[in-house]
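Subject: Structure for your review

Dear colleague,

Please find below the structure I am handing over to you. My findings follow it.

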Amino acid sequence: MADRVALEAPLDGTFGPVVRLIVGGIAERVDFGFEAMDDLQLAIERLLAEAGSDGRVSMTFDLAPGRIEARIGPLREAGIAGALRDSDGAPSGLTLSQILETVVDSFGIDSATDGEIIVRLEKLVAAGA
Amino acid sequence: MRDAKHEAKARTRAEERELLRLYHEEGDTSAREQLVQRHLPLVRSLARRYAGRGEPLEDIEQVGAIGLLKAIDRFELERDVSLGTYATPNVVGEIKRHFRDKGWAIRVPRALQELNARMSITIDRLTSKLGHSPSVGEIAVALGTTSEEVLEALEVGSAYTTLSLSASPAGEEGESDPLDAIGEEDLGFERSEDRVSLAPALGTLAPREREILRMRFEEGLPQTQIAERVGLSQMHVSRLIRKSLTVMRDELQ
């Protein structure tokens, strides 16, 4: 059975570095290289940046050798769901979807209820990479 | 022997004057670039004086290079002084201002600052040696410390109020950013997409940072390759990507 780490944090951006540290520590436990770790940290950072600064967010990380699957939510469906689908033409031009496509191996909406969603991110590393 | 040395110095000075003339009177930007290349050793030498204060040497060198560019741009041909002499206070002033204005935003233990400063070169060295991006554990072994300290030291980079050396489209006093003139101009995002609403956000980034984002998210290049292309460390590229995305996001809000 894969190891699981769960975390709940305020969406307030001041906790961003704390979340980064924890994600870094988790990535280290499954032997991610610096770049893969940085990619996962960036994915979560950008996702939370889109989620606003009010309320709290839960994160669970399922760990296996060379693989981390994160579930992050609940997040407001409005805005986030669109940003996840929109790979072209969102206001930023460099959309959340484009960023995630680059830095994680797969992502999507894990579940949706009452205007809130949980987002799934998966990051893999090849052996020795 | 002394005459030969004197002659070489005079010849170098004459070449420098000609390059300054070409740049200031004829707008020859390649002359400016040559002046920059000739004086980078001076910048490096001055930057080294400020090493060990918690910032990577390469960051300090780049700040110093901004001072050099400003000195080249402000140099008046009537001045009877070498560019090196004229540039030195500009370079030092730029570095001091950087430390004063853009230094550590929060108090970071000196040991972590120093670890952070050593991290960049260690990551690049290990990437080259191991043939893959080193894990935190591998970095820790190389630095003789623990994984937790490595993670904390990596996070120390976030303690800067501003990491970008050229994040603003305009420098102080409304001057154009000297770094805009260096490197390849690449407007891939704007060119390839009809993303009009992004213009203000992308416009807040310097060309080099736009290019780094383009390489990462359009070409899909890994940080290591981007670092090689732009001549920065992988850690610096990572920080510029994060910083740029944050700046763009903030701009849109």
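Two residues are taken to be in contact if their C-beta atoms, placed from the backbone, lie within 7 Å. On that basis, 62% of the contacts in chain B with a separation of 6 or more are made by residues 24 or more positions apart. Please note that this is a predicted model.

Chain B comprises 12 helices and zero strands, and its pattern along the sequence is accordingly written α-α-α-α-α-α-α-α-α-α-α-α. Among its 253 residues, 38% count as buried.

Strand β1 (residues 3-10) of chain A pairs with strand β2 (residues 56-64) of chain A in the antiparallel sense, over eight bridges. Within this pairing, A:Leu7 is found opposite A:Met59 in β2(A). On to the next strand: β2(A) also runs antiparallel to strand β3 (residues 67-76) of chain A, to which seven bridges join it. A:Phe61 has A:Ala70 in β3(A) as its bridge partner. The hairpin of β2(A) and β3(A) has two residues between the strands, and A:Gly66 there adopts a positive phi near 75 degrees.

Helix α2 (residues 34-50) of chain A contains 17 residues; the distance from its first C-alpha to its last is 24 Å, close to the 24 Å expected at 1.5 Å a residue. Because 14 of the 17 residues of α2(A) are buried, this helix is largely enclosed by the rest of the structure. Just after α2(A) comes A:Gly52, with a positive phi of about 90 degrees.

With kind regards

Conventions:
Residues are numbered from 1 along each chain as its sequence is written. Chains are lettered from A and ligands numbered from 1 in the order in which they are written. This is a predicted model: local features need pLDDT of at least 70, side-chain atom pairs count only at pLDDT 80 or more; totals for chains, interfaces and linings use all residues. Two strands pair if DSSP finds at least two bridges between them. Helices (H or I, at least four residues) and strands (E, at least two) are DSSP runs, numbered from the N terminus. The expected span of a helix is 1.5 Å times one less than its number of residues. A residue is buried if 20 or more other C-beta atoms lie within 10 Å of its own, exposed if 12 or fewer, and partly exposed in between; C-beta atoms are placed from the backbone.
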